[in-house]
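Subject: A structure for you to explore

Hi there,

Here is the structure I promised to pass on. Have a look at it first, and then read my notes below with the picture open beside you.

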Amino acid sequence: MKPHRMRMVHNLVLNYGLDKKMQILKPPRASPEEMTRFHTDEYIDFLKHVTPETAADLTRNHEIFLSGEDCPSFEGLFEFCSISAGGSIAAANRLTSGESDISVNWAGGLHHAKKREASGFCYVNDIVLAIIELLRYHQRVLYIDIDIHHGDGVEEAFYTTDRVLTCSFHKYPDYFPGTGSTDDTGMFKGKSYSVNFPLRDGIDDESYHSVFRPTIQHIMEWYRPGAVVLQCGADSLAGDKLGVFNLSMKGHADCVKFVKAFNLPMIVLGGGGYAVRNVSRTWTYETGLLVDKHLEEDLPFNDYLDYYGPRYKLDVPETNMENHNTPEYLHDIQTKVFEHLKELPFAPSAQIREVPSDPWPYSDQSDDELDERISKAANNIYDEPEMEEDDYQSTYKNRSNRINGRNRTQNFSKKKRRFFQSAQTSNNFNNFGCGHEHTSKPQLDDFLRQIVGSSASTNTLNNQLNERISPEYNM
């Protein structure tokens, strides 16, 4: 998982000339505020301050922050997390803004990280952060995982919602992280929105495609996602140091090609992969597929050419590994998966609301300038447009009308309160045998004349009087 993989991929992409077919961006690093849209404040603060020397002391009372030997503390840990997460968040923003149809971040895809825990070489879950950005604009998002390990961190994050459907093809059981059974289908509102396809050792291209294509086709037709996030972990390739699958480079890339054919906004991310020469070959080849450029099999000259000997070819072939995934086993698993998919309602929708505004950009400036920066941002948001002279007159007139109407209402209330107070003081009440005391009609006439004016006709007063006196008075 060293960043050296990224250097090899980037260098091979440049030497194939793929950079001329796309825009290469340097995204801003993710801020702690952006990371805490999913992770807890305490966990992100821990990652920000932990060092190899202080890791033991900081984790003494927080053992869940770093788990086992897979997630050690190292120099530049938070910097690495901010770069990886920032790339995936920026990829999502490119899609939501309409500037790109496909965004790629081979440094992302860290699908094991939990809300308050690092796991499986993953510290910050950039996938979840990217999906959260997509959900601001899209009602439904589909997450597909072809890493050999189960995408447990992403599944757990959206386990109770129907707005994200997670689909993972992975080794199970007796393999890290030990989750991903066909029975793990979600909870509450997210019931049946977690799809898991457990596979056995040695699966080859033909077997993989026989289950991948119909499953994704069914999900696309029924769930109708607005955007897709595809995690392309390369540890499912043949010959990986940790993986036990037998996919070739072209077999792995065929999944990317199939998902791309649906023409949906798509984020393509990296993930696992521990034979670095095969990782760089495969992700470069898949980049060529995404930009519709055919790549020559003979590798061009690049800074890491020695890694690709002795053949120096853009290819990762299958091996003679035995395939333990029998047609009967794959058919049974696919039947179970399709039974769960039948329980899905057709294309669940979300309530239409105004898209939340983008958060203020993070800055590491001191708090001394905080008030000034907040004021400027508020002025930009609430700045009123300039008005012509006629607009000023109209605005002033409307304001005057509102003030005059409010004053008339207040004067009416004051007159009414003074009138009845004086009537109660004089004890001038009549009893009409109904058990209630009523103000005499002449007094009400006097009061109405004060309100509507002395020039009002007798009929007008009688009509207004009948509207105001109680039903008991008319008995």
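Predicted model: local features only at pLDDT ≥ 70, side-chain atom pairs only at ≥ 80, totals over all residues.

Helices (H or I, at least four residues) and strands (E, at least two) are DSSP runs, numbered from the N terminus.

Residues are numbered from 1 along each chain as its sequence is written, and side-chain values use heavy atoms, with hydrogens and water left out.

**The annotated site**

Why look at Asp70 at all? In an unreviewed entry, UniProt lists Asp70, Gly120 and Tyr274 under "binding site". UniProt positions are given in the numbering used here, feature names are shortened, and annotations may be inferred rather than shown by experiment. These residues span 205 residues in sequence, yet no two of their C-alpha atoms are more than 13.6 Å apart, so they gather at one spot.

Is Asp70 buried or partly exposed? Here buried means under 20% relative accessible area, exposed means over 50%, and partly exposed is in between (1.4 Å probe, protein chains only). Asp70 has 32% relative accessibility, so Asp70 counts as partly exposed. Tyr274 has 14%, so Tyr274 counts as buried. Tyr274 sits in the loop between strand E6 (266–269) and helix H10 (276–290).

Their neighbours are worth a click too. A contact means heavy atoms within 4.5 Å. Leaving aside neighbours within four places in sequence, Asp70 is in contact with Gly120, Phe121, Tyr123 and Phe176. Not counting residues up to four places away in sequence, Tyr274 touches residues including Met1, Phe121 and Asp235.

**The sheet**

Two strands pair if DSSP finds at least two bridges between them. An open sheet of six strands, with parallel pairing, has the order E1-E6-E5-E2-E3-E4. Strand E1 (102–105) and strand E4 (194–199) are the edge strands, each pairing on one side only.

Which strands pair with E2? One is strand E3 (residues 164–171), joined to E2 in parallel by five bridges, with Tyr143 opposite Thr166. The chain gets from E2 to E3 through helix H7 (residues 152–157), and this β-α-β crossover is right-handed (with the strands pointing away from the viewer, the path from the first strand over the helix to the second runs clockwise). E2 also pairs with strand E5 (residues 227–231), again in the parallel sense over five bridges, and Val141 stands opposite Ala227 there. E5 in turn pairs with E6 in the parallel sense over four bridges, where the bridge partner of Gln231 is Leu269.

**The whole protein**

Stepping back, the protein has 15 helices and eight strands. Of its 475 residues, 45% count as buried. Among contacts with a separation of 6 or more, 76% come from residues 24 or more positions apart.

Enjoy exploring!
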